[in-house]
Amino acid sequence: MTYAEMFSKVKGMFMEADVSDINEHLAFQFNITGEAEGIFYAEVKDGRLSVEPYEYYDRDAIFTCTADTLMKIAEGKKDPILAFTLGQLKVEGNIDKALKLKTLIDSKKG
C-alpha cells in the first residue's frame with residue numbers, strides 16, 4: 001500500500017465521524033512508519049473535521065504507528081488504548097486530548 005492509498009482510505013473512514021457535538025479544538029498528527037510512511041493530520045474545529053496530508057505544528061498530540069495499525073484503529077477493529085498498551089501506537093503530547101481519538105473513531109456514522 002502506498003502513502004496516497006493509505007491516506008485516502010483513512011481520510012474516508014475519519015470523515016464518517018460525527019464531530020458536531022465536540023466543542024473543543026482537537027488537532028492530531030499521525031506519523032506513519034514502515035510501508036506507506038508519511039504524515040497527516042486530523043483537526044476538529046467548530047464542530048467540523050478536517051483531514052489533510054500535511055504536518056500540523058499547533059497539534060495537541062502526535063500518534064506514531066504503522067499503516068496497518070492505523071487502519072485497524074480507524075476501522076474500529078483495534079482499540080487505540082490497547083494498541084498503545086501493546087506498544088503498537090506511540091503517543092506524544094496532551095494525553096487527555098489524545099484519548100479523544102477513541103471518541104472520534106466511536107462516533108462514526110452507520
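## Exercises on a predicted model

At 43% relative accessibility, Ile-81 counts as partly exposed, since buried means under 20% relative accessible area, exposed over 50% and partly exposed in between (1.4 Å probe, protein chains only). The model is predicted, so that local features need pLDDT of at least 70 and side-chain atom pairs count only at pLDDT 80 or more, while totals for chains, interfaces and linings use all residues. Residues are numbered from 1 along each chain as its sequence is written, and side-chain values use heavy atoms, with hydrogens and water left out.

**Exercise 1.** Identify the elements that line the largest pocket.

*Solution.* Step one: a pocket is an open set of points on a 1 Å grid over the protein atoms alone, where a 1.4 Å probe fits, with protein on both sides within 12 Å along at least five of seven lines; lining residues have an atom within 4 Å of a point. Step two: the largest pocket holds about 150 Å³ of space. Step three: its lining includes Phe-63, Pro-80, Ile-81, Phe-84, Ile-95, Leu-99 and Lys-102. Step four: α3, α4 (95–98) and α5 (100–106) each supply at least two lining residues, and the largest share, three residues, comes from α3.

**Exercise 2.** Trace the salt bridges of Lys-102.

*Solution.* Step one: a salt bridge is a side-chain nitrogen of Lys or Arg within 4 Å of a carboxyl oxygen of Asp or Glu. Step two: Lys-102 meets Asp-79 at 3.4 Å, N to O. Lys-102 lies in helix α5 and Asp-79 in the loop between α2 (67–74) and α3, so this pair ties together parts that are 23 residues apart in sequence. Step three: Lys-102 also meets Asp-106, at 3.1 Å, N to O. These two residues are separated by about one helical turn, because they are four residues apart in helix α5. Step four: salt bridges that share partners join Asp-79, Lys-102 and Asp-106 into one network. Step five: Asp-106 is exposed at 54% relative accessible area, whereas Lys-102 is partly exposed at 25% and Asp-79 is partly exposed at 28%.

**Exercise 3.** Locate Ala-36 and Asp-46, and state whether each is buried or exposed.

*Solution.* Step one: most residues other than glycine have a negative phi. Step two: Ala-36 has a positive phi of about 70°, and phi of Asp-46 is near 55°. Step three: Ala-36 is in the loop between β1 (26–33) and β2 (38–45); Asp-46 is in the loop between β2 and β3 (48–52). Step four: Ala-36 counts as buried at 8% relative accessibility, whereas Asp-46 is exposed, with a relative accessible area of 71%.

Terms used:
Grid points are joined across faces, edges and corners, and a volume is the space filled by probe spheres set on the points.
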